[in-house]
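Biologist: Could you walk me through reading a model like this one, feature by feature? I would like the general idea each time, then the case at hand.

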Amino acid sequence: MAKYRATVGLSYPTPASLKIVLAAGGISKLSEAQREKVTLKNVKAGALCDDIPEKSIKGLLAQGSIEEVTPAVKKTKKGN
């Protein structure tokens with residue numbers, strides 16, 4: 001799995017909270033009760049953020065909000 005560094009300050013849901021956010025259709029659509037259950041992780045510019053939701057990585061890379069520090073290593077089958 002690749003590692004990423006934030007180039008700007010970021011806030012994103014923890015893995016457990018991501019399920020709630022996705023079920024609601026996004027952070028802006030959370031009800032008050034759902035918001036109370038969601039935990040956001042805050043990362044400062046320059047910090048590693050390799051637990052960013054996978055579906056957000058492509059867009060954040062395109063925006064320049066994160067940069068890849070180490071590339072993902074593809075697993076290969078032995079004997080091939």
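Modeller: Here is a short tour, from the overall fold to single residues. This is a predicted model, in which local features need pLDDT of at least 70 and side-chain atom pairs count only at pLDDT 80 or more, while totals for chains, interfaces and linings use all residues. Residues are numbered from 1 along each chain as its sequence is written, and side-chain values use heavy atoms, with hydrogens and water left out.

Biologist: How many helices and strands does the chain have?

Modeller: Helices (H or I, at least four residues) and strands (E, at least two) are DSSP runs, numbered from the N terminus. Here there are three helices and four strands, in the order β-β-α-α-β-α-β along the sequence.

Biologist: Which residues of helix 1 are buried?

Modeller: Buried means under 20% relative accessible area, exposed over 50%, and partly exposed in between (1.4 Å probe, protein chains only). In helix 1 (residues 15-24), the buried residues are Ser17, Leu18, Val21 and Ala24. They fall within an arc of 125 degrees seen down the helix axis, so they line one face; the arc is that of the directions from the axis to the C-beta atoms. Pro15, Ala16, Lys19 and Ala23 are exposed on the face turned away from the buried side. After the helix comes Gly25, with a positive phi near 95 degrees.

Biologist: What covers that buried face?

Modeller: Contact means heavy atoms within 4.5 Å. The cover includes strand 2 and helix 2 (32-37). Take Ser17, which has a relative accessible area of 3%: leaving aside neighbours within four places in sequence, Ser17 is in contact with Lys37, Val38 and Thr39. A polar atom of the Ser17 side chain also lies 2.8 Å from the backbone nitrogen of Thr39.

Biologist: Which residues make up the largest nonpolar core?

Modeller: A nonpolar core is a set of buried Ala, Val, Leu, Ile, Met, Phe, Trp, Tyr and Cys residues joined through side-chain atoms within 4.5 Å. The largest has eleven residues, among them Tyr4, Leu10, Tyr12, Val43 and Ile57. Strand 1 (3-6), strand 2 (10-13) and helix 3 each give two or more residues to this core. Tyr12 touches several residues beyond four places away in sequence, including Thr39, Cys49 and Pro53.

Biologist: And where is Gly64 found?

Modeller: Gly64 sits in the loop between helix 3 (54-63) and strand 4 (66-70). Gly64 counts as partly exposed, at 36% relative accessibility.

Technical notes: Polar contact = N/O pair within 3.5 Å; in protein donor to acceptor, adjacent residues only side chain to side chain.
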